[in-house]
Structures are given as C-alpha cells and as structure tokens.
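Student: Can we walk through this one together? I'd like the overall picture, then some detail.

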Amino acid sequence: MALHWLVQGCQPGDSLVFHYSGHGSQKRNYTGDEVDGYDETLCPLDFETQGMIIDDEINETIVRPLPLGVKLHAIIDACHSGTVLDLPFLCRMNRSGQYVWEDHRPRSGTWKGTNGGEAISFSGCDDNQTSADTSALSRITSTGAMTYSFIEAIERGHGATYGSILNSIRTTIRSTSGGTGGGPVTSLMTMLLTGGSAGGGLRQEPQLTSYERFDVYSKPFAL
C-alpha cells in the first residue's frame, strides 16, 4: 500500500524518493528472467507470516507506472539488493571507476523500465552480497553502512554526478574494511536467520541500476 501511495497521482515535475534500510534476501526464480537465477526481495517486519516483497512486485508497482517527467530515486540499504528494483540496466564499475552497463532485461521480453519517466537506484551491495550494519563509520552508533556513506558523499560535496556518488560510497565502505577501529560489523540477514554475527570488515560493493544507460560522470544528480 505504501509503494502504491508513492506513485499514485504523480505528475510531470514530481520527484519521488524510496529509501529502505532493513533486511533483504533472495528467492529462486523459475521463469528464466533473472541473470543469476534469483529474484531479490525485501523483508518487511511481517515477512514470516505475509511473505517477502519480490523485485517483480516492486518493479511493477513503482517503476513501470512512472510517466514522462516524473523522477524516482531509490536508496536501498539491504542484503542482496543490487537489482532489487528489477531495472533493465546495471552499472558494473571496477575499483578504478571504469564501468560498463550490463543488460538485465528479461529474456521473456517483459519491459522492466518506466512509462516514460526516470528510475534510478543506489543499492547497498551486489545481488550475491550482504549489506552491513556497523558502528565503524559513525564511531557513535550502529548505522547501515550504505546509508551512512551515501549521506556522507552528499555532505562532502561528491554528489555532482551519479558516478561521483557511487565512487565516494564505495571508497568509504572499502576503507572501512581495512579495520578502522570501529565497532562490530554484522550481516543483517545473517543476524536475522541465524542469530550469528559475520565479522571481519565490510565486503559489500554498492551498485547503481537504471531504467536506461547513461554517462554516469556527466549526468547530474538531483533529487
């Protein structure tokens, strides 16, 4: 209902933001529409009784209805969140900042883009990775590493383009993995399912996905 509310009645000129910081997971995909064979999911508080929200549902609800002139930004800080909006293209970037756009359009031909609007997502990690909750960044309290790094990128003036933001987020998280003397680093999904702790630093690589390919170093970022 909240996802429907976000896009309901949107008009040209509207800018929508969907931020989720919480648990994410995966489910086996049997239609052949996922490159890795798995649907990505979000796990709301009642997921054990009501089920997880899969990427197909998210895409159908807040991506495909977007009309021309409407912009959606998603900031998803969760495990296995790389392609959780099921957008057609993923920006595969290496550590030196070079990138290529991977085509994630389903083989079935189903359109996963918008109805003319813009949809771009920053996510906490790749589909096969977990996102950390740590106090190593703020040194004060435990935060989602990707959310903290995203805010820091904007505050430090690295928010000019999508490429500059992604590089800044990745640099912050990568430097934290070297052991900055902070608090514990835990995998959200590991803690949820096993009660255990996955320590040893941040091994997540934030991702950028989009409704279309573009030059990430020239396209200005603006909410």
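**Chain and sheet**

Tutor: The chain holds six helices and twelve strands. Helices (H or I, at least four residues) and strands (E, at least two) are DSSP runs, numbered from the N terminus. This is a predicted model, where local features need pLDDT of at least 70, side-chain atom pairs count only at pLDDT 80 or more, and totals for chains, interfaces and linings use all residues. Residues are numbered from 1 along each chain as its sequence is written, and side-chain values use heavy atoms, with hydrogens and water left out.

Student: In what order do the six strands of the open sheet run?

Tutor: The order is β1-β5-β8-β12-β6-β7, with mixed pairing. Two strands pair if DSSP finds at least two bridges between them. At the edges sit β1 (15–21) and β7 (99–103), each pairing on one side only.

Student: Are β1 and β5 parallel or antiparallel?

Tutor: Parallel, over seven bridges, with β5 covering residues 71–77. Phe18 has Ala74 of β5 as its bridge partner.

Student: Switching to α4. Which strands does it lie across?

Tutor: Helix α4 lies across β1, β5 and β8 (118–123), at about 130° to β5. Axes are lines fitted to C-alpha atoms, for helices over the stretch in contact (heavy atoms within 4.5 Å). Angles run from 0 to 180 degrees between N-to-C directions.

Student: Which residues of α4 are buried?

Tutor: Within residues 145–155, they are Ala145, Met146, Thr147, Ser149, Phe150, Glu152 and Ala153. Buried means under 20% relative accessible area (1.4 Å probe, protein chains only).

Student: And how much of the chain is buried?

Tutor: Of its 223 residues, 51%.

Note on methods: Buried < 20%, exposed > 50% of the residue type's maximum accessible area, 1.4 Å probe, protein only.
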